[in-house]
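Hi everyone, thanks for coming. Please have a look at the model on the screen, and I'll walk you through it.

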Amino acid sequence: MPAEQNDPIEVVAAAIVDDLESPTVLLAARRTEPSALAGGWEFAGGKVDPGETDVQALHREIREELGVEVEIGELLEGPLERGRWPLGTAYAMSVWLAVVTEGVPAPIEDHDAVRWLTRDDLYAVEWLPADLPIVDAVATRFRP
Ligand SMILES: Nc1nc2c([nH]c(=O)n2[C@H]2C[C@H](O)[C@@H](COP(=O)(O)OP(=O)(O)OP(=O)(O)O)O2)c(=O)[nH]1
């Protein structure tokens, strides 16, 4: 179906954890731009390019931004169609749990810091506001 003018822009992102079944840490990345969002923490990811599947886009973005390869796990179901999460009205984001299979995450592009958050400090960074319900969804998967 062709995209309508006011359809949200599709974004994909990874909630990178240490273990897909029983996570104990979550990776957060600090944005460098635009200035309105710089300093906010988020899930690494980005827009799906034309002709790319969501999963292809996710692997590409994670490779470009963090320099790692990931295995993708469960889709964290959001309230919008196809389980996406609203980012304001302009964007809709699909978020999967993921684990690193190759490399060590580093802030290569679009971020200036990455941090592994334990359950106790999941909310210790200043998440972009739209991400808070997604962090809540990740928290429910954490090892009790
Ligand atoms: N990647 C990502 N974007 C987020 C998150 N939370 C959130 O509100 N956003 C917003 C920031 C942007 O306004 C929008 C799209 O994100 P993006 O990373 O593709 O933004 P961008 O415009 O810098 O993309 P690009 O040109 O580098 O592809 O979504 C998140 O957790 N991850």
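Let me begin with a question: which element gives the most to the shell around the ligand? It is β4, with 3 residues. Before I go on, two notes on how to read this. Residues are numbered from 1 along each chain as its sequence is written. This is a predicted model, where local features need pLDDT of at least 70, side-chain atom pairs count only at pLDDT 80 or more, and totals for chains, interfaces and linings use all residues.

Back to the ligand. It is surrounded by 14 residues, and the closest are E42, F43, G46, L87 and A130. To belong to that shell, a residue needs its C-beta atom, placed from the backbone, within 6 Å of the molecule. Two elements give two or more residues to the shell: β1 (9-17) and β4 (45-47). When I say helix or strand, I mean DSSP runs, numbered from the N terminus: H or I of at least four residues for helices, E of at least two for strands.

Now the whole chain. How many helices and strands does the chain have? There are 2 helices and 8 strands, and from the N terminus on they run β-β-β-β-α-β-β-β-β-α. The radius of gyration, taken over C-alpha atoms, is 14 Å, close to the 15 Å that the globule rule gives for 144 residues, so the chain is as compact as a globular protein of that length. That rule is 2.2 Å times the number of residues to the power 0.38. Of the 144 residues, 29% count as buried; that takes 20 or more other C-beta atoms within 10 Å of a residue's own, while 12 or fewer is exposed and anything in between is partly exposed, with C-beta atoms placed from the backbone.

UniProt, in an unreviewed entry, places the feature "domain: Nudix hydrolase" at residues 7-142. Its positions are given in the numbering used here, feature names are shortened, and annotations may be inferred rather than shown by experiment. That span is 17% helix and 38% strand, and its end C-alpha atoms lie 33 Å apart.

Let's zoom in on V70, in strand β5 (residues 69-76). Why does V70 count as buried? Because it has 22 C-beta neighbours inside 10 Å. Leaving out residues up to four places away in sequence, V70 touches A14, I16, I62, A98, V99, V100 and T101, where contact means C-beta atoms, placed from the backbone, within 7 Å.

Finally, some backbone details. Most residues other than glycine have a negative phi, and most peptide bonds are trans. Now look at P34, in the loop between β2 (25-31) and β3 (41-42): the peptide bond from E33 to P34 is cis, with omega near -10°. R82, in the loop between β5 and β6 (85-87), has a positive phi of about 60° although it is not a glycine. R82 counts as exposed because it has 11 C-beta neighbours inside 10 Å. D110 has a phi near 75°, also a positive value in a residue other than glycine, and D110 is in the loop between β7 (91-102) and β8 (111-118). With 18 C-beta neighbours inside 10 Å, D110 counts as partly exposed.

Technical notes: Contact = placed C-beta atoms within 7 Å.
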